[in-house]
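Take a walk through this structure, one stop at a time. Keep the sequence and the 3D view side by side.

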Amino acid sequence: MADKCDLCLLGLILLSSLLTGTSGEDVFISSDESVSLSCNKALPDCRSTTWSYDSFRDSRVDLITGGMKNKDTERHERLSLESDCSLNITTVTGEDSGAYVCRQSVNGELQGPVAYVVLHVLHVSVSSSSSSSSSSSSQTEISPGRSLTLSCQLYTIVSCDDWFSSEGLELLWVNQTGVDLKTDSRYQISSSSSSSDRCIITLTTTLLNEDDNREWRCEVTLGDQVQTSVRYTVKYSDPGETEVSVNAGLLYRVIVTIVEMAVFAAPTVILLQIICARRAGRKDSQHPEEIEMPTILQ
Ligand SMILES: *[C@@H]1O[C@H](CO)[C@@H](O)[C@H](O)[C@H]1NC(C)=O
Ligand SMILES: *[C@@H]1O[C@H](CO)[C@@H](O)[C@H](O)[C@H]1NC(C)=O
């Protein structure tokens with residue numbers, strides 16, 4: 001129900017945008033990236049710029065007032081105001097999704113059009129069967145034979161169901177060549193049962209040896225246009241160990257070879273040294289003519 005209301009509100013925002021000559025924009029971004037939301041700069045500087053944020057869950061917050069950051073918002077460290085009054089958000093998270101409004105006013109009077117930006121954030125989280133740990137990094141330590149589940153979620157204030165039916169919003173898992181993996185029997189792709197949340201699509205597969213360095217991509221498309229995507233690359237933890245043991249193997253081979261050489265080649269050297277020493281010693285003693293060299297060298 002809340003979703004429906006959000007959509008109505010958004011509809012109102014966009015409708016009012018149309019009526020009042022303001023601008024509205026949907027921005028899609030992958031989590032952890034930075035994004036710049038544009039304001040319609042109408043004045044020479046940004047001292048009269050206000051950026052506010054509405055998640056439609058809590059009350060609206062002013063992020064920037066009079067061109068200055070409001071330090072009491074928890075995300076203030078990730079925000080900055082650019083010279084064209086755009087709002088820059090770094091390391092975006094799902095929590096940043098929502099509606100952003102930029103206004104410029106002097107003495108309470110609006111200058112130029114109000115800019116509405118609706119931010120949608122795509123995020124992939126990973127879980128692997130053998131290690132119950134869940135990680136949200138683009139790479140996780142996993143190994144062949146394990147079952148891997150990648151959940152791709154679009155954080156948005158809009159209802160994905162409504163959006164899906166009205167504008168053909170879609171989430172897809174594709175491989176490196178852009179082929180929809182729904183067609184590949186190796187993968188179980190579930191965009192949780194039809195009527196529930198279309199904002200999440202999961203990919204489940206059992207990892208194969210050859211999957212090392214394989215990349216899967218979650219894409220969000222709107223009317224067949226890819227809006228943004230998140231890549232996930234398989235990195236096996238085992239190859240690291242394998243590499244180490246391969247190196248150890250090589251080292252072992254080298255050591256064996258050296259030992260072999262020592263066994264077969266060194267005695268001659270050692271014996272020669274002993275013999276020479278003896279000869280030298282005997283030269284000084286009473287049997288300088290005794291020569292053992294030839295028998296050994298033969
Ligand atoms: C946002 O600001 C950061 C840090 O100043 C910068 O590295 C990044 O390029 C900016 N992002 C955009 C989208 O402008
Ligand atoms: C992508 O999937 C298609 C169909 O399953 C397959 O033919 C193609 O080789 C795959 N590409 C990569 C890079 O894995």
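An oxygen atom of ligand 1 is 2.3 Å from an N or O atom in the side chain of asparagine 88. That is a polar contact (a pair of N or O atoms within 3.5 Å; within protein, one must be able to donate a hydrogen and the other to accept it, and residues adjacent in sequence count only if both atoms are side-chain atoms). The protein covers 41% of the 360 Å² of accessible area that ligand 1 has on its own. Such areas come from the Shrake-Rupley method with a 1.4 Å probe; for residues, only the protein chains shown count as cover.

This is a predicted model: local features need pLDDT of at least 70, side-chain atom pairs count only at pLDDT 80 or more, and totals for chains, interfaces and linings use all residues. Residues are numbered from 1 along each chain as its sequence is written, chains are lettered from A and ligands numbered from 1 in the order in which they are written, and side-chain values use heavy atoms, with hydrogens and water left out.

Serine 34 places a polar side-chain atom 3.0 Å from a nitrogen atom of the ligand. For glutamate 82, a polar side-chain atom lies 3.2 Å from an oxygen atom of ligand 1.

Now turn to ligand 2. Around it are Asn175, Gln176, Thr177, Val179 and Asp184 (near means that a heavy atom of the residue lies within 4 Å). A polar side-chain atom of asparagine 175 is 2.2 Å from an oxygen atom of ligand 2. Threonine 177 has one 2.9 Å from a nitrogen atom of ligand 2. Aspartate 184 has one 3.2 Å from an oxygen atom of ligand 2. Alone, ligand 2 exposes 360 Å², and the protein buries 49% of that.

Next, serine 55. Is serine 55 buried or exposed? Serine 55 is buried, with a relative accessible area of 4% (buried means under 20%, exposed over 50%, partly exposed in between, with a 1.4 Å probe and protein chains only). Serine 55 sits in the loop between β3 (49–54) and β4 (61–65); strands are DSSP runs of E, at least two residues, numbered from the N terminus. The side chain of serine 55 reaches the backbone nitrogen of aspartate 58 at 3.3 Å. Glycine 98 is 43 residues from serine 55 in sequence, but the two are 4.6 Å apart in space, C-alpha to C-alpha.

Definitions and conventions: Helix = DSSP H or I, 4+ residues; strand = E, 2+ residues; numbered from the N terminus.
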